[in-house]
Amino acid sequence: MLTTLAIEGYRSIRSLRVGLGPVTVVTGPNGSGKSNLYRGLRVLAATGRDGAISALAREGGLDSTLWAGPEVIGRAVREGLAPAQGTVRSGPIALRLGFASDGFGYAMDLGLPIPSQSMFARDPEIKVEAVWHGPVLRSSGLLAERKGGQVRLREASGWQPADRRLRPWESMLDEIDSPDLRGVRTMLQGWRFYDHIRTDAQSPVRAPDIGTRTPVLSADGHDLAAALQTIRELGDADQLAKAIDRAFPGSRLEIGDLGGRMQLQLRQPNLLRPLGAEELSDGTLRYLVWVAALLSARPAELIVLNEPETSLHPDLLGPLAELIMAASAQSQILVVTHAGPIVEQLERDGAALVELDKPHGETIVVDQGLLTEPAWAWPKR
C-alpha cells in the first residue's frame with residue numbers, strides 16, 4: 001500500500017507531500033490543484049510503462065509542466081502585501097515525483113537538458129533516481145541509485161555498478177535488471193487510472209464488442225460488457241448484483257450475445273424488455289463503468305478515480321461511495337472529487353481526507369504544517 005505521495009515543481013504544486021490510506025479522498029475547490037495532483041501521479045506511473053519523458057511530452061513538455069510560480073513565496077506575498085516576482089534562482093530547476101509504500105519507495109528528479117543542436121534538445125533529462133526500502137529515503141535503506149548516467153545497486157557483497165551507463169531519457173526501472181527495480185516497475189504497472197470515460201452516443205462503451213474474458217476494464221471502457229460478465233463468472237458475482245440493486249432497485253444486469261459480440265443490458269422493473277447500452281442514460285452507464293472498474297476480477301494494487309461523480313444523478317453518489325469502500329477490501333483507492341456527498345460518506349466510513357487549496361497560487365494541503373506532513377527526503381543530485 002502506498003503511504004506517501006510527493007510532488008515538487010509541477011504546475012501549481014511547488015512542494016506537496018500527501019499521506020495516503022486504504023481509501024484516500026482528494027478534494028478542494030475548483031482550481032485548487034486536484035487535477036495537477038492526479039496528473040502528477042499519472043506521470044509517475046508512466047515511469048514503469050512508456051516512460052515519464054513521453055508522458056510529459058503528451059502534456060506539452062517540461063516547459064508546460066514545471067512549477068509556474070517563483071522559487072520562494074515570500075512573506076509579503078503570503079500576506080497579500082505584494083505580488084509574486086521572479087528572482088535569481090538559488091537551486092536547480094527540477095520536477096520531482098516520488099512515492100513511499102509499506103515495501104519500496106521510489107523517487108525521480110527531472111531537469112533541464114544540456115543545450116545541444118538536437119531537435120530533441122527540449123526533452124527533460126532524468127538527473128537522479130532512487131529506490132529504497134522503508135517509509136523514508138535513508139542511506140541504510142537505499143537499494144538502487146542513479147546519478148546522471150551512472151547506476152549502482154546494493155548487492156549482498158555491497159554496492160556494485162550496473163553493467164551499462166544510462167542515457168538522459170532512460171529510467172533505470174526500464175533499463176537495469178535487478179529484483180528491486182523489477183519490483184518497483186511491477187508496482188507502477190499495476191496502478192489503474194480511470195478518467196472521464198466517454199458516454200456520449202458514439203462512445204465505444206455503448207457499442208457491442210467481441211467478448212473475451214476481461215479481468216481488467218480498459219481505460220476507454222469499450223469492453224464494459226465483457227468486464228462485467230467476467231466479474232459474474234470469475235469474480236464476486238454477489239457484490240456485483242448488490243451494487244446494481246443498490247443503485248437501481250429491482251434491476252438486474254444482463255449480457256446479450258449478438259453473434260459473438262457482447263451487449264450490455266439492464267432489466268428494470270415493469271419494463272417488458274431489457275434496455276441496451278445504447279438506451280441507457282449517461283449517468284447509468286457511467287455508474288456501470290465504475291462497477292466494472294472497482295469490482296475487477298483481477299484487483300489492482302491502486303485504483304485512481306478522477307471526478308467519478310461526473311454525469312451521475314445525486315441518488316447514485318451514495319451507492320458509488322459504498323462501492324468504493326467495498327472495493328477497498330481488495331485494492332487501495334484514491335478518489336479525486338469535489339462532490340460533497342461522496343466526500344462526506346467516505347470520510348464517515350474511514351477514508352483519509354486530503355483537502356487542497358491554492359491561497360497564493362501554490363497548491364497546499366489544508367491544515368497541514370511541517371509537523372503534520374508525512375516525512376520525506378528527496379535523493380540529491
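The model shown here is predicted, and residues are numbered from 1 along the chain as its sequence is written.

## Charged pairs

Side chains of opposite charge can pair when their charged atoms come close. In this structure there are 21 salt bridges, and three of them are set out in the table.

| Salt bridge | N to O distance |
|---|---|
| D63 and R122 | 1.9 Å |
| K127 and E125 | 3.0 Å |
| E129 and R146 | 2.8 Å |

The pair of D63 and R122 has its closest N and O atoms 1.9 Å apart.

E129 and R146 meet through their side chains in a salt bridge of 2.8 Å, taken from N to O. E129 is part of strand β6 and R146 of strand β7 (residues 142-147), so the two residues tie together parts of the chain that are 17 residues apart in sequence. Both E129 and R146 are buried.

## Aromatic pairs

A pair of aromatic rings is described by the distance of the centres and the angle of the planes. Across the whole structure, a search finds six aromatic pairs. One of these is formed by F99 and W191, whose ring centres are 5.4 Å apart and whose planes stand at 70°, an edge-to-face arrangement. F99 lies in strand β4 (residues 94-101) and W191 in strand β10 (residues 191-195), so this pair ties together parts that are 92 residues apart in sequence. F99 is buried, with a relative accessible area of 0%, and W191 counts as buried at 2% relative accessibility.

The rings of F248 and Y287 have centres 5.6 Å apart and planes at 90°, so this pair too is edge-to-face. It links distant parts of the chain, with F248 in the loop between α8 (237-247) and β12 (252-258) and Y287 in helix α9 (residues 282-294), 39 residues apart. F248 is buried at a relative accessible area of 9%, and Y287 counts as buried at 1%.

Ring pairs also link F99, Y106 and W191 into a cluster. A charged residue can be found beside a ring as well: R152 lies over the face of W159, at 4.0 Å from the ring centre.

## Nonpolar cores

Which residues have the most contacts inside the largest nonpolar core? They are L37, F99, V131 and W191, in a core of 53 residues. Helix α1 (residues 34-46) gives the most to this core, with seven residues. When neighbours within four places in sequence are left aside, F99 is in contact with several residues, among them L2, L44, Y106, W132, W191 and W376. A second, separate core has 50 residues and includes I197, L285, L288 and A293.

## Helix α11 and a sheet

In helix α11 (residues 340-348), the residues I342, V343, Q345 and L346 are buried. The elements that cover the buried residues of α11 include β3 (23-27), α10 (317-327), β16 (332-336) and β17 (352-357). After α11 comes G350, whose phi is positive, near 105°.

Strands of a sheet pair through backbone hydrogen bonds, either parallel or antiparallel. Here six strands form an open sheet with mixed pairing, in the order β10-β15-β16-β3-β17-β18. Because β10 and β18 (364-365) stand at the edges with a single partner strand each, one side of each is left without a neighbour in the sheet. Within this sheet, strand β15 (residues 302-306) pairs with β16 in the parallel sense over five bridges, and V304 stands opposite L334 in β16.

Definitions and conventions: Predicted model: local features only at pLDDT ≥ 70, side-chain atom pairs only at ≥ 80, totals over all residues. Heavy atoms only, no water. Salt bridge = Lys/Arg side-chain N within 4 Å of Asp/Glu carboxyl O. Helix = DSSP H or I, 4+ residues; strand = E, 2+ residues; numbered from the N terminus. Buried < 20%, exposed > 50% of the residue type's maximum accessible area, 1.4 Å probe, protein only. Phe/Tyr/Trp six-rings, centres within 6.5 Å; stacked < 30°, edge-to-face > 60°. Lys NZ or Arg CZ within 6 Å of the ring centre and 35° of its normal. Contact = heavy atoms within 4.5 Å. Core = buried A, V, L, I, M, F, W, Y, C linked by side-chain atoms within 4.5 Å. Pairing = 2+ DSSP bridges.
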